[in-house]
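Student: I'm new to this one and would like to go through it slowly with you. Could we have it on screen first?

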Amino acid sequence: MTDAAPSARHPGAALRMLAILRDLVRRPSGAVGLTLVLGHALLALLSPWLVPHDVTAVSALSMLGQPDALHWLGTDHLGRDIFSRVLMGGREAIWITGIATPLAVMWGGLVGIWFGLVGGRTDDVLMRIVDAFLALPWILKMLVLIVTFGTGDLVLIPTLAFFYGIPVIRIARAATHDVVARDYVQAARARGHRRLDIIVRELLPNVRDALLVEGAMRWSWMLLAFSSLSFLGFGVSPPTPDWGLMIADARGFMSFAPWGVLGPVIALSSLIIGINLTADALARTLGIDRAQKAPV
Amino acid sequence: MLRMLFRRLALGGLTVFLVSVIIFAGVEMLPGDACTAYLEREAQGQRLENCRRDFGLDQPAHARYLDWASGAIQGDFGSNVAGTRDIATLVGDRLKNSLMLGGLSMLVGVPLALVLGVIAGLTRDRLPDLTISTLAIFAMTIPEFVTATVLILVFSIWLNWVPGIVLTGASAPALDYFPEILLPMAVFTLVMCAHILRTVRSSVIEVLGSDYVQMATLKGVPRGQIVRRHVLPNALLPVINVVALTVAWLLGGVVVIETVFNFPGLGRLMVESIAMRDLPTVQAIALIVATIYVGVNLTADMLTMLANPRLRTLHTRRP
């Protein structure tokens, strides 16, 4: 578990990134995971120019059609081309979670580091509040906000970022506790540096790896949450194509048109598995053991 | 030991209290209240004021919180927004069903996870481990609604073995849910099992690398005896906490699974109440779920303490 890249200790952020990346693609799980993730990202970017059919074009003549040469994955209950919709179906999810994940890791990370450094009473009180928030299932918290404020990007991104940042506080705080007693932090304190300086110069570089891995995991959970919301009808609004929504729509016709669910099921699963494999390989590369952690 | 127990109990109580404040404050901050929801379009002027007076909504927030919280402690959550049902009975039936679903799944999933996890740990990086670990990654990363959809497609539509949807009503006796409950149970079990077995596996691997196992090996203790006497007792201890965490996590996942299978449990009631903006019901469910979460974690901590003498002193709190 501790086979971190040797060059990881050299200064120079770009060099280190390269070293990590090289180590990552050498692991089978990292190579497969990264390929899946990058492939999905590329498809999401290029899909508007790739799709063979208009994703919202409704056709009464070809409802629930079987896969054929024209419609590779068949057509859905409104006669729309499923292949095109699968190609486009990840854009919304990837875009929203792609913005919300860094936001969540940043705010959760900074708050966690701050309270790990401050410690004492303040820290105790904050952790109780964090615990209280974690005691409520994510889906309940999110649904209440979404039903109240609507499902636009401007609601979903802050909501996801807020709730998924709370568990990050715990991780960042624990990682900070490991570092805060070290000599160089004590030395910085003795030199009379301000807290902000200590956070930016001493703590952040040491907690960064843990946050990076945490971010990768958060991304997959957020994607899971987002597609679950879409599936329940609280995420992307039709007619925008989205995998979760497509599966929900196709489920009703599954007994006689089962091909409708296969495309989005494979697309969504491959992306989430790709992220998880990457996160796993990243954790091993950086020498962080996250086997004990269960999702919150 | 006793002080430690009391401390944990007090902290649990404090967490539940904080949760209740968050729930109450959260609902308070949402636009609209029970009266605007109840009267809908007619919510204005004198009617709104009368309604607010009748339901005591004109009281200050802290007074209403005390009223709500003291009712909740006695199991009285008032009635739903439509005023048609008593929340306690409405929630009671659903809670019973969800607990049945979760309990049965645990009964199958936890032993299965222990066996598979130990096998994977003992055969680290060899074929049994690779098979089990890969399947576990699939089971825990793929969203529950996807797993559920695939299982329905295979076992209900193609093979026609079990019904793919629950049609039994919310207050039916427990036995009426068979065999409809089998598929939701399977999804639950799958996800739960995957999470737990991963911890069991890494825990077994950790103990296998420990000094006392090496010592036993060097002394020439047979492998089977090492596993039985040294590895299993030590490796299975941390699992108690992970089981608790997984159960807590599934309190959220239950929403999706119940909705997919149309299972009349607490999770589906939650989605329905949120969609109908039935805030009193949502508050009640939130409080119940959070209390279960805290209770399960507390129980796990205490079980771990009972089983592991090393944790019985005050200053070795686990992070």
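Student: How many salt bridges are there between chain A and chain B?
Tutor: The count between chain A and chain B is 1 salt bridge, a term that stands for a side-chain nitrogen of Lys or Arg within 4 Å of a carboxyl oxygen of Asp or Glu. Before we go on, please keep in mind that this is a predicted model, in which local features need pLDDT of at least 70 and side-chain atom pairs count only at pLDDT 80 or more, while totals for chains, interfaces and linings use all residues. As for conventions, residues are numbered from 1 along each chain as its sequence is written, chains are lettered from A and ligands numbered from 1 in the order in which they are written, and side-chain values use heavy atoms, with hydrogens and water left out.

Student: OK, which side chains meet in that salt bridge?
Tutor: Arg198(B) and Asp280(A) do, with 3.7 Å from N to O.

Student: And which elements of chain A touch chain B?
Tutor: Those that give two or more residues to that side of chain A are H5, helix H6 (138–149), H9, helix H10 (243–251) and helix H11 (259–285); helices (H or I, at least four residues) and strands (E, at least two) are DSSP runs, numbered from the N terminus. H11(A) gives the most, with 10 residues. By class, the side of chain A that touches chain B has 31 nonpolar, 8 polar and 5 charged residues, where Ala, Val, Leu, Ile, Met, Phe, Trp, Tyr, Cys and Pro count as nonpolar, Asp, Glu, Lys and Arg as charged, and the others, Gly among them, as polar.

Student: How much area do chain A and chain B bury between them?
Tutor: They bury about 4200 Å², 78% of it on carbon and sulfur atoms; buried area is the accessible area (1.4 Å probe) that two parts lose on being put together, summed over both. In terms of residues, 44 of chain A are in contact with 47 of chain B, contact meaning heavy atoms within 4.5 Å.

Student: Is Asp280(A) buried or exposed?
Tutor: At 15% relative accessibility Asp280(A) counts as buried, whereas Arg284(A), at 37%, is partly exposed. The cut-offs are under 20% relative accessible area for buried, over 50% for exposed, and partly exposed in between (1.4 Å probe, protein chains only).

Student: What about chain B, where does Arg8(B) find its salt bridge?
Tutor: The side chain of Arg8(B) meets that of Asp301(B), at 2.2 Å from N to O. Arg8(B) lies in helix H1 (residues 2–29) of chain B and Asp301(B) in helix H13 (residues 279–307), so the pair ties together parts that are 293 residues apart in sequence.

Student: New topic: how many aromatic pairs are there over all chains?
Tutor: The count is 6; rings of Phe, Tyr and Trp (its six-membered ring) pair if their centres lie within 6.5 Å, and planes under 30 degrees apart count as stacked, over 60 as edge-to-face and the rest as tilted. One of them is the tilted pair of Phe133(A) and Phe163(A), 6.5 Å centre to centre with 50° between the planes. This pair links distant parts of chain A, 30 residues apart: Phe133(A) is in helix H5 (residues 120–134) and Phe163(A) in helix H7 (residues 153–180).

Student: Which pair is stacked, then, with its planes at 20°?
Tutor: That is Phe231(A) with Phe145(B), stacked because the ring centres are 4.4 Å apart and the planes at 20°. The pair crosses between chains, from helix H9 (residues 195–232) of chain A to helix H7 (residues 144–158) of chain B. Phe231(A) and Phe145(B) are both buried.
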